[in-house]
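Dear colleague,

I am handing over the structure we spoke about, and below it you will find my notes on what turned up. Please read them with the coordinates open beside you.

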Amino acid sequence: MNEHVMHERHWSTHKERGSLFLMRLTAFCVRIFGRRLLAPVLYLIVLYFFVSARSARRNIRQYQTYLADWSGRDALRPTLGRVFGQFIAFADNLLDRLDVWRGRLRFEQVQLIDPSGVRPRLLRSQQGGRGEILVVTHLGNPDVCRAMAELGEQVPLNVLVHNRHVAQFNRLLGEAGDRSMRLIQVSELDTAMMMDLSQRLERGEWLAIAGDRVPLHDGRRVTVDFLGHPAAFPQGPWLLAGLLRCPVNLLCCLKVEGRYRIYLDHFLDAAHWERGQRDATIHAWVQRYADHLARQCLIAPQQWFNFYAYWQPAPLEEVRDAN
Amino acid sequence: MNALQQEIAQLIIDTLNLEDVTVEDIPPTLPLFGEGLGLDSVDALELALALQKRYDIRIASDSKDARQHFTTVANLAAFVQAQRNA
């Protein structure tokens, strides 16, 4: 049992295997063949991924086991069919993402669940309000940020990403005619980047950043309980929020009964810590975030698209670096 | 301690909310990080942000000197002065 825990590759070394390559390939094919013809091809590719990627199968099985244990719902316990179902959900997700990027999935088709009124604040930042942070997740469809940009009408949305393919993604976005959304590569927080982001907030722009993936070279991570087991989450979004002293909201987009739902939840009024309590404060935020994420997993159990080993305890060295 | 040094020491106290520290506790040559005042890398970011806003200067992150500027209040004051004169 130990060998596969020890030697899992980090997600970012997969080079967005499931994402960028398939994205470009499918983008090309959809243009040529259309979605209806493409879907079977994509299912075949995903079938191949399912058969060949033993570790991905094992990781999904682990996720399903933890989710079933944590929720006490035996119906979620992994079977071969349910694990495969999650891969198929990923294929559907890719097709949907293409629709989003091509502007086929319109805002009107998306159901908005916004009990705390995040959208009104988004719109208000057009009239001189300060921007805020959206923490997004790889549960469901993260590309819905695009629809989010539409939600905000003219409010610029800056999506902070870790990978080096930003230029390509921006080109894809440009092809899709998107002007209000911009990707910014952030490999680590430094003074110039902080200043730039701070100025964007002051101008009323919003920042989106993933809260559920730990960057490879950044030791700033925090281990909390997720679905009953310790998992590492990035500190980055929370450090950013605390340094910029801005409100934090959570964004998650799930497909429920064939329709997309955007869940917006207000999370922090103004992120702030007492200096001596910084680590404890961030830990508490991340634990609350992980609990929120766990509840959302139950809404769409098969849309967890982190195929790498999620529950990898942080090596001691990194824990020490982070402190 | 000159006026700018005093101002920066106060800015450090206010920004980082160092409750039990006064300007007199931060002599210009006291190391700010590690032993000395005991700041860390997140404090440095917070401080850099505050300095950039207060003095309308830019701190390039890739500059090798950036670290050097942040070692003491005296160095920070010299840096801010140089940026203002630039």
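**Sheet, helices and the contact between chains**

Val159(A) has Leu183(A) as its bridge partner in strand 4 of chain A. Please bear in mind throughout that this is a predicted model. Strand 3 of chain A, residues 157-161, runs parallel to strand 4 of chain A, and five bridges join the two.

These strands belong to an open sheet of seven strands in chain A, whose order is 1-9-8-2-5-3-4 and whose pairing is mixed. Strand 1 (111-113) and strand 4 (181-185) of chain A stand at the edges with a single partner strand each, so each has one side left without a neighbour in the sheet. From one strand to the next, the twist averages 25°. Helix 10 of chain A lies across strands 2, 5, 8 and 9 of chain A, and runs at about 165° to strand 2 of chain A.

Turning to the chain contact, 13 residues of chain A are in contact with 13 residues of chain B. On the side of chain A that touches chain B, helix 9 (191-202) and helix 10 (236-244) of chain A each supply at least two residues, and helix 9 of chain A gives the most, with six. The residues of that side divide into seven nonpolar, two polar and four charged.

Within chain B, helix 1 (residues 3-16) and helix 2 (residues 41-55) pack at an angle of about 120°, with their axes 10 Å apart, which makes helix 1 of chain B oblique to helix 2 of chain B. The residues making this contact include Leu11(B) and Ile12(B) of helix 1 of chain B, and Leu47(B) and Ala50(B) of helix 2 of chain B.

With best wishes

How values were computed. Residues are numbered from 1 along each chain as its sequence is written. Chains are lettered from A and ligands numbered from 1 in the order in which they are written. This is a predicted model: local features need pLDDT of at least 70, side-chain atom pairs count only at pLDDT 80 or more; totals for chains, interfaces and linings use all residues. Axes are lines fitted to C-alpha atoms, for helices over the stretch in contact, and angles run from 0 to 180 degrees between N-to-C directions. Helices (H or I, at least four residues) and strands (E, at least two) are DSSP runs, numbered from the N terminus. Angles under 35 degrees count as roughly parallel, over 145 as roughly antiparallel, 65 to 115 as roughly perpendicular and the rest as oblique. Two residues are in contact if their C-beta atoms, placed from the backbone, lie within 7 Å. Ala, Val, Leu, Ile, Met, Phe, Trp, Tyr, Cys and Pro count as nonpolar, Asp, Glu, Lys and Arg as charged, and the others, Gly among them, as polar. Two strands pair if DSSP finds at least two bridges between them.
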